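Please have the sequence and the 3D view open while reading.

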Amino acid sequence: MNAAVQAPPIALPPLPFEQNALEPVISGRTLSFHYGKHHKTYVDTLNKLIAGTEFADLPLERIIEATDGSTEHAAIFNNAAQVWNHTFYWHSLKGKGGGEPPAALKKLIDASFGGLDACKKELAAAAMGQFGSGWAWLVKDGEKLKVLKTGNAQSPLAKGPKPLLTIDVWEHAYYLDYENRRVDYVTAVLDKLVNWGFAEQNLG
Ligand code: FE
């Protein structure tokens, strides 16, 4: 095998569901662009940026940790974090999601927010309150759960709090299906797609 023709170091992970599995809340058409174009482009760009650099052989999480806050490596951070954030987002969703969280997570949600409705309300407020592009997150910070929002490619990953689930609020996540109505997208995701089981697995 020609050593010059190697597989790229960072791969685009497969979607954890079929492209139409989130319909009617998120269309297969949105998924085809969001996963097939946006997510893939972050992977391709990252591989170009890290080729031949000190980051070329690092796992994705290490690249993010090593470049978080760096001006010099801002482009690498942005693309690496967007690769990770999107993979995390796909796992945060599932067809016929929503409903009641599993017991251990529910207990923490009750203790941290006073109930599931209050938790969802806080997540929706973060998603709506993120000006421009970004992400809303449910995280575990110490013994408590919290809601955070981050702008653009920013991620709690390298900052301490443990991400449990996320909602992409970049326009490309919802514009084909909801046009400018971010609130309708966020509400539908929280009621019908959010994968509480994944969030519970991430409690660790
Ligand atoms: Fe996105």
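The model is predicted. An iron ion is held by His 34, His 86, Asp 168 and His 172, and the domain assignment divides the chain into domain 1 (28-91) and domain 2 (103-201). About 1,800 Å² is buried between domain 1 and domain 2.

**Iron site**

- The atoms that coordinate the iron ion are NE2 of His 34, NE2 of His 86, OD of Asp 168 and NE2 of His 172, at 1.9 to 2.1 Å.
- The angles that the four donor atoms subtend around the iron ion run from 88 to 128°. The arrangement is therefore tetrahedral, since four donors count as such if all angles lie between 85 and 135 degrees.
- Along the chain, the donors of the iron ion are spaced as H-x51-H-x81-D-x3-H.
- Distant parts of the chain are linked by the pair His 34 and His 172, which are 138 residues apart. His 34 belongs to helix α1 (residues 28-50), while His 172 sits in the loop between β3 and α6.
- His 34 and His 172 are both buried.

**Domains and their interface**

- Taken over C-alpha atoms, the centres of domain 1 and domain 2 are separated by 20 Å.
- In domain 1, 20 residues are in contact with 23 residues of domain 2.
- The size of an interface is often given as the accessible area lost when the parts come together.
- For domain 1 and domain 2 that area is about 1,800 Å², and carbon and sulfur atoms give 65% of it.
- Of the area that domain 1 buries against domain 2, 32% is supplied by Thr 30, Phe 88 and Tyr 89, more than by any other three residues.

**Helix α7**

- Helix α7 has 12 residues (residues 182-193), so at 1.5 Å a residue it should span 16 Å. The C-alpha atoms at its ends are 15 Å apart, which agrees with that figure.
- The buried residues in α7 are Arg 182, Tyr 185, Val 186, Ala 188, Val 189, Leu 190 and Leu 193.

- Ala 80 lies in helix α3. Its relative accessibility is 0%, so Ala 80 counts as buried, the limit being under 20%.
- Apart from its neighbours within four places in sequence, Ala 80 is in contact with Leu 46, Leu 60, Ile 63 and Ile 64.
- Between Ala 80 and Phe 33 there are 19 Å in space, C-alpha to C-alpha, and the two are 47 residues apart in sequence.
- Phe 77 is also in helix α3. With a relative accessible area of 3%, Phe 77 is buried.
- Leaving out neighbours within four places in sequence, the contacts of Phe 77 are Ile 64, Thr 67, Asp 68, Ala 153 and Gln 154.
- Phe 77 and Ile 64 are 13 residues apart in sequence, and their C-alpha atoms are 5.6 Å apart.

**A buried tryptophan**

- Trp 135 is placed in strand β1 (residues 134-141).
- Because its relative accessibility is 0%, Trp 135 counts as buried.
- The C-alpha atoms of Trp 135 and Leu 22 are separated by 19 Å, and the two residues are 113 apart along the chain.

**Backbone points to check**

- Glu 23 and Pro 24 are joined by a cis peptide bond, with omega at about 5°. Pro 24 is in the segment before α1.
- Lys 96 is not a glycine, yet its phi is positive, at about 55°.
- Lys 96 is in the loop between α3 and α4 (103-113). A relative accessible area of 82% makes Lys 96 exposed, for which the limit is over 50%.
- Asn 152 likewise is a residue other than glycine with a positive phi, near 50°.
- Asn 152 is in the loop between β2 (144-151) and β3. At 46% relative accessibility, Asn 152 counts as partly exposed.

Methods:
Residues are numbered from 1 along each chain as its sequence is written. This is a predicted model: local features need pLDDT of at least 70, side-chain atom pairs count only at pLDDT 80 or more; totals for chains, interfaces and linings use all residues. Side-chain values use heavy atoms; hydrogens and water are left out. Helices (H or I, at least four residues) and strands (E, at least two) are DSSP runs, numbered from the N terminus. The expected span of a helix is 1.5 Å times one less than its number of residues. Buried means under 20% relative accessible area, exposed over 50%, partly exposed in between (1.4 Å probe, protein chains only). Donors are N, O and S atoms within 2.8 Å of the metal (3.2 Å for Na, K and Ca); water is not among the atoms, so sites may look incomplete. Four donors count as tetrahedral if all angles lie between 85 and 135 degrees; four count as square planar and six as octahedral if opposite donors are over 155 degrees apart and all others between 65 and 115; anything else is irregular. Domain bounds come from an automatic or database domain assignment. Contact means heavy atoms within 4.5 Å. Buried area is the accessible area (1.4 Å probe) that two parts lose on being put together, summed over both.
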